[in-house]
Amino acid sequence: VFKTILRSAKSGTDWRLHFAQVVGLHFQADAPQQRGLPRLWWAYGRKDSASTHAFRLLDKSEDGPLRQGWPEVAKIVPVSEDGSLASGGAKNTGDLLREQVDALLTDPSHKAEVNISAPSEIATHIAGQISQLLIHILTRTLPEDEKQAAEIIVAPNVGIQAWAGADVVRVSAIELVDPAGAQTTLTPGRPVYLVAQPVPRHEMRSFLEQCERAVVATGDQSIAEAVLLGKVPFVTPDAKVAQWQLALEILSRDAVEAVPDLGETLRAV
């Protein structure tokens, strides 16, 4: 893999403070070692997989007065009959397009459907990447003095702008939906925000180093960079699953340092 990120200069940007200010939390930029800064979580998925994430906009009529600021949403999370996250292998847009190509090869008269998108986690009843990350975040055991710190998930490709009209939303409810459609609503015990803003490429090392260890990553390089910086891409990606499995295997053997640097290999050719 390319290990360029390990040679990238650290920018010195305080990304926890930056995103705290983005979502409207009040911290002073010049105050050292501030307690209570939010925890950052990285969730990098495919743009064409945004349709898999299920949310519901909350409004005043059903949930009482909303807080001032960003749109508030309920995250819809499919669960199995025993209450655990509903798991399985959902098809992404690439899989669906491949099916159309295979159908054409089998039957040239087949009318291909190219205007397709990945089905939502409601339709498949399989918990998506954001759902899995969110449940992980909210079920961790935390020290008493850390329980009220906000959680900020930075997910550039989550696609919330299209339906929320903003690139930040506050997740104010979790709606667990079982296979029969029965719903259980939970309230996070602390502020949780979802931010659909990009991180500049030259800042990626500094940003990732300030994120929590569990991440969502998709694609060879994004998975490699996360692993190189000590992160664990614990959610099955929406593409390049074989590469993700290989990365986890290397992590389990504590063999990351032994992986050759593709950049150095190419320079030596």
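Modeller: Helices (H or I, at least four residues) and strands (E, at least two) are DSSP runs, numbered from the N terminus. Just after helix 8, G230 adopts a positive phi of about 85°. The model is predicted, so local features need pLDDT of at least 70 and side-chain atom pairs count only at pLDDT 80 or more, while totals for chains, interfaces and linings use all residues. Residues are numbered from 1 along each chain as its sequence is written, and side-chain values use heavy atoms, with hydrogens and water left out.

Colleague: How many residues of helix 8 are buried?

Modeller: Buried means under 20% relative accessible area, exposed over 50%, and partly exposed in between (1.4 Å probe, protein chains only). Helix 8 is mostly covered, with seven of its nine residues buried. These are S222, I223, A224, E225, A226, V227 and L228. They pack against helix 7, strand 8 (214-215), strand 9 (232-233) and helix 9.

Colleague: Which residues have the most contacts inside the largest nonpolar core?

Modeller: In soluble globular proteins, nonpolar side chains tend to be buried together. A nonpolar core is a set of buried Ala, Val, Leu, Ile, Met, Phe, Trp, Tyr and Cys residues joined through side-chain atoms within 4.5 Å. The largest one here has 29 residues, and F19, L40, W42, I152, V154 and F207 have the most contacts inside it. Elements giving two or more residues to this core include helix 1 (15-23), strand 1 (39-42) and helix 9 (241-252). Helix 8 provides the largest share, four residues. A second, separate core of 25 residues includes W41, V77, V169 and V192.

Colleague: Why does K75 count as buried?

Modeller: K75, found in strand 3 (residues 72-78), counts as buried because its relative accessibility is 0%. Contact means heavy atoms within 4.5 Å. Not counting residues up to four places away in sequence, K75 touches, among others, E121, I130, V171 and E175.

Colleague: What volume does the largest cavity have?

Modeller: On a 1 Å grid over the protein atoms alone, a cavity is a set of points where a 1.4 Å probe fits but cannot get out; lining residues have an atom within 4 Å of a point. Grid points are joined across faces, edges and corners, and a volume is the space filled by probe spheres set on the points. The largest cavity has a volume of about 70 Å³. Its lining has 13 residues, of which A43, G45, H53, I130 and V158 lie nearest its centre.

Technical notes
On a 1 Å grid over the protein atoms alone, a cavity is a set of points where a 1.4 Å probe fits but cannot get out, and a pocket is an open set with protein on both sides within 12 Å along at least five of seven lines; lining residues have an atom within 4 Å of a point.
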